[in-house]
Amino acid sequence: MYAVQLLALHDDLCKSAKDLMTRKNYDYTSGSGDPFANFRGSSYLGIDPVLGVMLRMQDKMMRVKTFAEKGELKVKDEGVKDALVDLINYTVLMCGLIEE
């Protein structure tokens with residue numbers, strides 16, 4: 001892969017991540033307008049919302065680890081690329097929580 005291809009992949013992944021976040025935002029926030037509502041809920045369990053995001057990131061990283069070790073994932077409708085796009089979104093959410 002050349003640098004120009006890598007930058008094009010970056011653009012594609014970030015666009016996919018933003019589109020996915022836009023579509024999922026309502027479901028995870030009950031339409032509250034608070035983009036962090038889902039993660040603020042972790043405080044009811046005594047877990048800081050930033051750590052809640054990190055826990056969800058770990059879930060995705062474990063899927064990527066399984067793919068790296070086994071070469072496949074059993075849930076076919078959610079592939080390794082989906083997990084990586086989710087990690088992009090969790091990173092953005094964590095940055096937003098920290099900046100807030």
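This is a predicted model: local features need pLDDT of at least 70, side-chain atom pairs count only at pLDDT 80 or more; totals for chains, interfaces and linings use all residues.

Q: Good. How many helices and strands are there in the protein?

A: There are 4 helices and 0 strands, so the pattern along the sequence reads α-α-α-α. Helices (H or I, at least four residues) and strands (E, at least two) are DSSP runs, numbered from the N terminus.

Q: What box do the C-alpha atoms fill?

A: Roughly 45 × 30 × 25 Å, taken along the principal axes. Of the 100 residues in the protein, 23% are buried.

Q: How do helix 3 and helix 4 cross, left-handed or right-handed?

A: Left-handed. A crossing is called left-handed if the near helix is turned anticlockwise from the far one by less than a right angle, and right-handed if clockwise.

Q: And at what angle do their axes cross?

A: The axes of helix 3 and helix 4 cross at roughly 160° and come within 9 Å. Axes here are lines fitted to C-alpha atoms, for helices over the stretch in contact, and angles run from 0 to 180 degrees between N-to-C directions. Helix 3 and helix 4 are therefore roughly antiparallel to each other. For that label, angles over 145 degrees count as roughly antiparallel, under 35 as roughly parallel, 65 to 115 as roughly perpendicular and the rest as oblique.

Q: Let's stay on helix 3. Is Lys-65 buried or partly exposed?

A: Lys-65, which is found in helix 3, is partly exposed because its relative accessibility is 40%. Its C-alpha atom is separated by 27 Å from that of Val-4, 61 residues apart along the chain. Asp-59 also lies in helix 3 and is partly exposed, at 34% relative accessibility. From Asp-59 to Ser-16, 43 residues apart along the chain, the C-alpha atoms are separated by 20 Å.

Q: Changing topic: how many salt bridges turn up in the whole structure?

A: The search finds 10. A salt bridge here is a side-chain nitrogen of Lys or Arg within 4 Å of a carboxyl oxygen of Asp or Glu. One of them joins the side chains of Arg-40 and Glu-100, at 2.9 Å from N to O. That pair links distant parts of the chain, 60 residues apart: Arg-40 is in helix 2 (residues 37–40), and Glu-100 is in the segment after helix 4 (80–99).

Q: How exposed are those two, Arg-40 and Glu-100?

A: Arg-40 is partly exposed at 29% relative accessibility, whereas Glu-100 is exposed at 59%.

Q: Which salt bridges does Glu-72 make, with Lys-74 and with Lys-76?

A: Glu-72 meets the side chain of Lys-74 at 3.5 Å, N to O. Glu-72 also meets Lys-76 at 3.8 Å, N to O. Salt bridges that share partners also join Lys-60, Arg-63, Glu-78 and Asp-86 into one network.

Q: Now the greasy side. Which residues form the nonpolar patch on the surface?

A: Tyr-44, Leu-45, Ile-47, Leu-51 and Met-54, with about 590 Å² of accessible area together. Patches are made of residues with over 30% relative accessible area and no salt bridge; like charges are joined within 9 Å, and nonpolar side chains (Val, Leu, Ile, Met, Phe, Trp, Tyr) within 5 Å. Met-54 lies in helix 3 (residues 49–70) and is partly exposed, with a relative accessible area of 41%.

Q: Last one: where is Pro-35 found?

A: Pro-35 is in the loop between helix 1 and helix 2, and is partly exposed with a relative accessible area of 36%. Pro-35 and Met-57 are 17 Å apart in space, C-alpha to C-alpha, and 22 residues apart in sequence.

Definitions and conventions. Residues are numbered from 1 along each chain as its sequence is written. Side-chain values use heavy atoms; hydrogens and water are left out. Buried means under 20% relative accessible area, exposed over 50%, partly exposed in between (1.4 Å probe, protein chains only). Accessible areas come from the Shrake-Rupley method with a 1.4 Å probe; for residues, only the protein chains shown count as cover.
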